[in-house]
Amino acid sequence: MGDRSEASTLLLMAATFVSRLLGILKSRLIALVFGSGTLSDAMNFSYNLSNNFRKLFAEGSLSASYIPLFASCEDDGRTARLYRQVASFLILIFALIITAVAIFARPIMAALSDFEGEGLEVAAFLLPPFTLFLFFISLATLSASILQTKRRFLASGIAPIFFTLTMLLSLWLLSDDVGYWSMAIGAVAGSLAQLAIVLIDFRKLGIRFRLDFHFAANEDFRTLMRSWLPASASSLVAIASQSVTMYLASRLEAGSVTALSNAIVFYSAPYGIVFASVNAVYFPLISRRKDERGRAAALSDALVNLTTFLLPAALVLASLSRECVASLLQGGAFTLDDTVLTASVLTAYLAAMLPMAFYAMLQRWMYSTLDYWRNLAVGVAVSLADIAFTLFYMSQGLGVVSMPLASLSSSLIGTLCLFPFVHGFDWRRFIHKGGRVIIANIPLAATVVLYGKWNPQFYTAGSTLRTLVLTIIAGLGMLAVALASYIAFKVDFLSALRNRRP
């Protein structure tokens, strides 16, 4: 199980790395064209609002409900029927949602943000196409999830690359002519491209789509709904919490929403690469295991793998946060002050990255046990804690940095609340393997401290070739220290790098 799962994880990580790198280039293009003022804040707010609902319909509660069902389906006919009904359900739901958003976009934005005038108009105009983008992404995620349960990872791994490439092309070619609409056009066209790439491989499974609204006649769909309702309630709570966070950010100084959005793009690169890959491989594996010890062992491996990659990534990026933001974004309408603000938010998010990953993975564990109501109770507590921590940190004058600090605090609470429900967890094995990873990162941590004391200022020059080259050299040097230390301490996951199996 270990070698093959790790090899699959590395395949997804490589594909996601390219996708996230392109996502950072997309943010650079947006920053150069639109800067970080009210217009950029409105664009990012509208996009993030729609994107946030992926927790409900895409890589969130719905997929967490149907992946265990698909993983347990050994009959292809049963899989095909459930797939058709879930796709039909999405079409039905989004027909209603898109219609409502098209009619009430402006009141929705007025209620959820503090924008006025042009900012409110831009955010409202962009909300319907961004909702359409969410629909296509949800269908792509549904199809990709079945591929992953069948251990077919390539198409689902590379499909997001085509989404981001399409976004980049739209912004590059159309922004001069249609302005902020170029982002909406890119999002819709890119989500269609992502869906098309997944369906090319999906068709090889022999599953053909047709509308099927006979939901009541299928016990699998009824089971799905019984699990999705409490799971969706948990996601809605998290969405509401993040909507409150974005609203509070919109009330801060101009540029705060953009700084928050850009910081999320940067931290999502390592987080998305590692968590999405580990989750895609281990969540179906955890769901498929019948014995508690086997599922707990898979969860333990997933958590160790998250630590193995996210810990050094957080250390390196935190020490180079200003350099990364400056070399990739600073220029045009994006100033040095914008760089410093974005880097401060990014550093706080990087501190929260590992606790957030642990909490999210433990949520998947709870989904695999079908314990949705307890998961919901913890999710409500975590969301309320997130809002409370945000307000507290803001009252201390921390501004937009309050949001990632609140995520750190609330994720720790969620992790501590969920761990007691994991039965059969081998703590000795986990501490032994995880402790080795932590010890192996001590040389990197020492390198990061020395770099911080040196405190070079080359990032102030902004997005120049020299800044980019020096940032890459510093990053590669730190990664070399991490790799040498991992080899010296014989960190287990490195065996996957030498694995020759597909």
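Okay, one thing before we start: what you have on screen is a predicted model.

Let's begin with the salt bridges. How many does a search of the whole structure find? It comes back with six salt bridges. I'll talk about some of them, and I'll start with Asp301. Asp301 forms a salt bridge with Arg429, and the closest N and O atoms there are 2.9 Å apart.

For Asp301 the relative accessible area is 10%, and the cut-off for buried is under 20%, so Asp301 qualifies. Arg429 comes out at 29% relative accessibility, so Arg429 counts as partly exposed.

Now another pair, Asp201 and Lys204, whose side chains meet in a salt bridge at 3.9 Å, N to O. If you're checking the cut-off, a salt bridge here needs the nitrogen within 4 Å of the oxygen. Asp201 is buried, because its relative accessibility is 12%. Lys204, on the other hand, is exposed at 61%.

On to helix packing. Helix 11, residues 292–319, packs against helix 13, residues 336–368, at an angle of about 165°, with the axes 9 Å apart. Anything over 145 degrees counts as roughly antiparallel, so that is the label for helix 11 and helix 13. Their crossing is right-handed.

Then there's helix 17, residues 442–454, with helix 18: the angle is about 155° and the axes are 8 Å apart. These two are therefore roughly antiparallel to each other as well. Helix 17 passes helix 18 in a right-handed crossing.

Let's stay around helix 18 for a bit. In the loop between helix 17 and helix 18 you'll find Asn455. Its phi is near 50°, a positive value in a residue other than glycine. For context, most residues other than glycine have a negative phi. Asn455 is partly exposed, because its relative accessibility is 34%. In the segment after helix 18 there's Lys490, with phi near 55°, also a positive value in a residue other than glycine. Lys490 counts as exposed because it reaches 64%.

What about the surface? Leu465, Leu468, Val469, Ile472, Ile473, Leu476 and Leu479 form a nonpolar patch there, with about 640 Å² of accessible area together. Take Leu476 as one of these: it lies in helix 18, residues 465–488, and it counts as exposed because its relative accessibility is 53%.

Last stop, Ala240, in helix 9, residues 219–250. How far apart are Ala240 and Phe53 in space? C-alpha to C-alpha, they are 9.9 Å apart, while the sequence separation is 187 residues. At 40% relative accessibility, Ala240 itself counts as partly exposed.

That's my tour, thanks.

Methods. Residues are numbered from 1 along each chain as its sequence is written. This is a predicted model: local features need pLDDT of at least 70, side-chain atom pairs count only at pLDDT 80 or more; totals for chains, interfaces and linings use all residues. Side-chain values use heavy atoms; hydrogens and water are left out. Patches are made of residues with over 30% relative accessible area and no salt bridge: like charges are joined within 9 Å, nonpolar side chains (Val, Leu, Ile, Met, Phe, Trp, Tyr) within 5 Å. Accessible areas come from the Shrake-Rupley method with a 1.4 Å probe; for residues, only the protein chains shown count as cover. Helices (H or I, at least four residues) and strands (E, at least two) are DSSP runs, numbered from the N terminus. Buried means under 20% relative accessible area, exposed over 50%, partly exposed in between (1.4 Å probe, protein chains only). Axes are lines fitted to C-alpha atoms, for helices over the stretch in contact, and angles run from 0 to 180 degrees between N-to-C directions. Angles under 35 degrees count as roughly parallel, over 145 as roughly antiparallel, 65 to 115 as roughly perpendicular and the rest as oblique. A crossing is left-handed if the near helix is turned anticlockwise from the far one by less than a right angle, and right-handed if clockwise.
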